[in-house]
Amino acid sequence: GGESGPAVSIDDPAESLLLQAVNHDGLEMPPKKKLPQAQIDILTRWVEMGVPFAPELEQQVVEEEGPPQVTDAARQFWSFRPLQQPAPPRVRNKAWGRSPIDAFILARLEKEGLKPASPAEKTQLLRRAHYDLVGLPPSPQEVADFLADDSEKAFARVVDDLLESPQYGERWGRHWLDLVRYAESNSYERDGPKPFVWRYRDYVIQSLNDDKPYSQFMREQVAGDELAEVTPDSMIATGYYRLGIWQDEPVDRVQELYEDLDDIVSTTGQVFLGLTLNCCRCHDHKLDPLPQRDYYRFMAFFHGINRYGIRGGNTVADFSLREIANEEEKRNSQAVIDEHNRKVQELDGKIADFEKLVIEDFQPVEKQDFQDERNKIPLVKKRVGTVIDEQQFQQYVVLKEEQKKLRNFKPPALGQALVITEIGPKPRETFILARGNAHAPGDPVEPGFPEVLSFPDPQIQPPAEGAKTSNRRLALANWLADPANPLTARVMMNRVWQYHFGRGIVRSSNNFGYKGVPPTHPELLNWLAADFIAGDWKLKRMHRQIMLSSTYRMSSAAGKKGLQKDPTNNLFWRFDMRRLEAEEIRDSVLAVNGSLNPKMYGPSIYPVIPREVLHGQSRPGADWGKSSPQERARRSIYIHIKRSLVVPMIAAFDGPDPDATCPVRFVTTQPTQALGMLNSDYFNEQARVFAGFLRSRVPEDLPGQVRLALSRALQRMPAEAEVQRGVELIEALQQYEGVDANKALDLYCLMILNLNEFIYLD
């Protein structure tokens, strides 16, 4: 209870404040209208029973006044306990399960008297797997091949093929970019671009495709420049620190440094640990056993880093840009420069020898004018027919043109990347700041881990002679990747589950604290996390574990009993239907109409943005480039992300806010989505491309064009009634709307791209 006293009286249930409130007896909850009597009866019965709840969700924490304290009871909270792998529970329906995962799910269902949904149809399952792993629809040929394969291992082969596809990294890379607040501009009024930041995105895609162990993936991002072996990849990975917003004109530079550090503490704590450490910047955490001291000890790991820049681009280059070329690339670059210098020297000699022929004929003033490059050819031309002939003059012109080209030569640029740098091997002193005020230092602190996790203080390697960093971040990276860390693997496995099933075992996937949503299947999460570590932190192995289970293969068909007992599907008695994400919709349109450009990596692309949207900026269109049509047809992960100018389609379909970590994309249904898909220039243009594709593949055959359109968009063979309905629509458009055959097919294709079956799975 609160100020009015305990909410429930166990000794005298009828006197419980809770029941008085719901019955509007002195107190009124909810205030505007009483609950239905059936719901009041349920609450009454619950109070009479002694308010029982699931023991596995019990938070063994002693409630005290003020912020939670770090106690032995606090250390027994489910997410802070050491990780152990439980044995899968016994179930009655042993035939249903394919995996230990299924035992954990089925045991809960059997306990609640529920049954799992029927298996998904093969086309549904194939489409689900393709969007899960590569974010693109299966081709008609892939659908046909899967339907023709009746073997037990048919789906396993599909999963293996998709995991080996380079497009896997593009799909799952987008999930990671959501978490680490990836953007390519700095925010605020100027919102200037971040140079070479796209290399970090490419690093993420390549790392996932290579199935790099998650432990290594973490260590490279947190301390890639402090590892025993520093590589171009590990340097690029530290661009993680440079992804946030940057205030280039702060009122208070000292305070702004701590704003930058807070962004790093907040992101690192939530993404890797599921802890909202940022909530104890100004005081002890109000909800979790995290004292303010924990925040500043954690921040001390980062207290040696330089800001992204101070003001101009030159300071960004000084603090955040470094060459990443290897020795071979450097040698090759120098060889090109040496060859250029040789050509310049040889050409200059030829020109000097020729000019000796004419310069003796110059008047003194002409000799002075000859010093200016613009006068050389005209002055030499005057000597044609006296000192030189026409052929010699033309040879001179050619030599001068070649000289001009050589002077415009630019040495091949060595690769640069946006990286972290530090002030040196000795970081700044760290103090607990009163109310987070940079000008109110309190007690000094040293780097350390959250006290409730019971780890000793970090052993930080002394920096080597000539080192440029303190090795503090390396100590943090090693702790994050320590199998004894109870949070790292749990948090990541919860995310993997979330991206496969639509929500995590812990719905609050960035908050594993007291007020986060408790896990619906804590033992399953522990089993997954322990198995993840035992499998060398390999993500692809865990994808297989999950996707080959019977749980994953369920349909989304709703049963009456399931809807009554578990309408939000907390127990996973069926697979949740989902709408495609913004990038999936855009990429699917390009894939279906045959125009998708599969080019990977490199600088970002710039879709066409309507002029009206561009004018919403303080500097309309500033730093928004112009890509070729072929480049614009690349996948959405390569779109330039400008914080003040989000591509309208990505914004309309709930793309992430890049200013902070985005653990979950909330799905909305709003009119602007349908209006954009029906009326925007982009969708109408893509519909025309789709129609052109159909005409090229099935010329002079309207039913064939309709059949191909439906099969490509919906990844199934359409019924003849659907084909006939499409033909009738196209003919009606011509007959009643007066459009020609080409326009009618364009409009039909636009309708296809607006079908719910196109943008929803299952």
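These legends walk through several close-up views of a predicted model.

**Figure 1. The whole chain, to get your bearings.** The protein chain has 762 residues, and buried residues make up 50% of them. Its secondary structure consists of 32 helices and 6 strands. Along the principal axes, the C-alpha trace spans about 125 × 80 × 50 Å. Take the contacts between residues at least 6 apart in sequence: 70% of these join residues at least 24 apart. The average pLDDT of the chain is 93, and 97% of the residues score at least 70.

**Figure 2. Helices H19 and H20 cross each other.** Helix H19 covers residues 488–501, and helix H20 covers residues 522–534. Their axes come within 8 Å and cross at roughly 105°. An angle from 65 to 115 degrees counts as roughly perpendicular, so H19 is roughly perpendicular to H20. On the H19 side, look for Ala 489, Arg 490, Met 492, Met 493, Asn 494 and Trp 497. They meet Leu 524, Leu 525, Asn 526, Leu 528, Ala 529, Phe 532 and Ile 533 of H20. Sorted by class, the contact between the two helices has 10 nonpolar, 2 polar and 1 charged residues.

**Figure 3. His 521, in the loop between H19 and H20.** Follow the chain between the two helices of the previous view and you will find His 521 in the loop. Is His 521 buried or exposed? Its relative accessibility is 4%, and buried means under 20%, so His 521 counts as buried. Leaving out residues up to four places away in sequence, His 521 touches Phe 104, Ile 105, Arg 108, Ile 505, Asn 570, Leu 571 and Phe 572.

**Figure 4. Asn 569, a residue with a positive phi.** This residue lies in the loop between H22 and strand S5, which covers residues 578–579. Phi of Asn 569 is near 60°, a positive value in a residue other than glycine. Most residues other than glycine have a negative phi. With a relative accessibility of 1%, Asn 569 counts as buried.

**Figure 5. Ser 555 and its surroundings.** Ser 555 sits in the loop between helix H21 (539–547) and helix H22 (560–565). Its relative accessibility is 5%, and Ser 555 therefore counts as buried. Where does the side chain of Ser 555 reach? It reaches the backbone nitrogen of Ala 557, at 3.2 Å. Not counting residues up to four places away in sequence, Ser 555 touches Ala 117, Ser 118, Pro 119, Ala 120, Gln 124 and Arg 128, as well as Arg 574 and Phe 575.

**Figure 6. Asp 587 in helix H23.** Helix H23 covers residues 582–592 and contains Asp 587. At 3% relative accessibility, Asp 587 counts as buried. Its side chain makes a polar contact with the side chain of Ser 636, at 2.8 Å. Setting aside residues up to four places away in sequence, Asp 587 touches Gly 135, Leu 136, Arg 635 and Ser 636. Although Asp 587 and Leu 136 are 451 residues apart along the chain, their C-alpha atoms are separated by 6.7 Å.

**Figure 7. A cis peptide bond at Pro 30.** Look here for the loop between helix H1 (17–22) and helix H2 (37–48), where Pro 30 is found. The peptide bond that joins Met 29 and Pro 30 is cis, with omega at about -10°. Most peptide bonds are trans.

Figure 8. Val 51 lies in the loop between H2 and helix H3 (100–111). Phi of Val 51 is near 45°, a positive value in a residue other than glycine.

**Figure 9. Pro 629, an exposed residue in helix H25.** Helix H25 covers residues 629–632, and Pro 629 lies in it. Exposed means over 50% relative accessible area, so Pro 629, at 58%, counts as exposed. Pro 629 and Ser 595 are 34 residues apart in sequence, and their C-alpha atoms are 10.0 Å apart in space.

Note on methods: Residues numbered from 1 in each chain as written. Heavy atoms only, no water. pLDDT = per-residue confidence, 0-100. Helix = DSSP H or I, 4+ residues; strand = E, 2+ residues; numbered from the N terminus. Buried < 20%, exposed > 50% of the residue type's maximum accessible area, 1.4 Å probe, protein only. Polar contact = N/O pair within 3.5 Å; in protein donor to acceptor, adjacent residues only side chain to side chain. Contact = heavy atoms within 4.5 Å. Axes fitted to C-alpha atoms, helices over the stretch in contact; angles between N-to-C directions. Parallel < 35°, antiparallel > 145°, perpendicular 65-115°, else oblique. Nonpolar A, V, L, I, M, F, W, Y, C, P; charged D, E, K, R; others polar.
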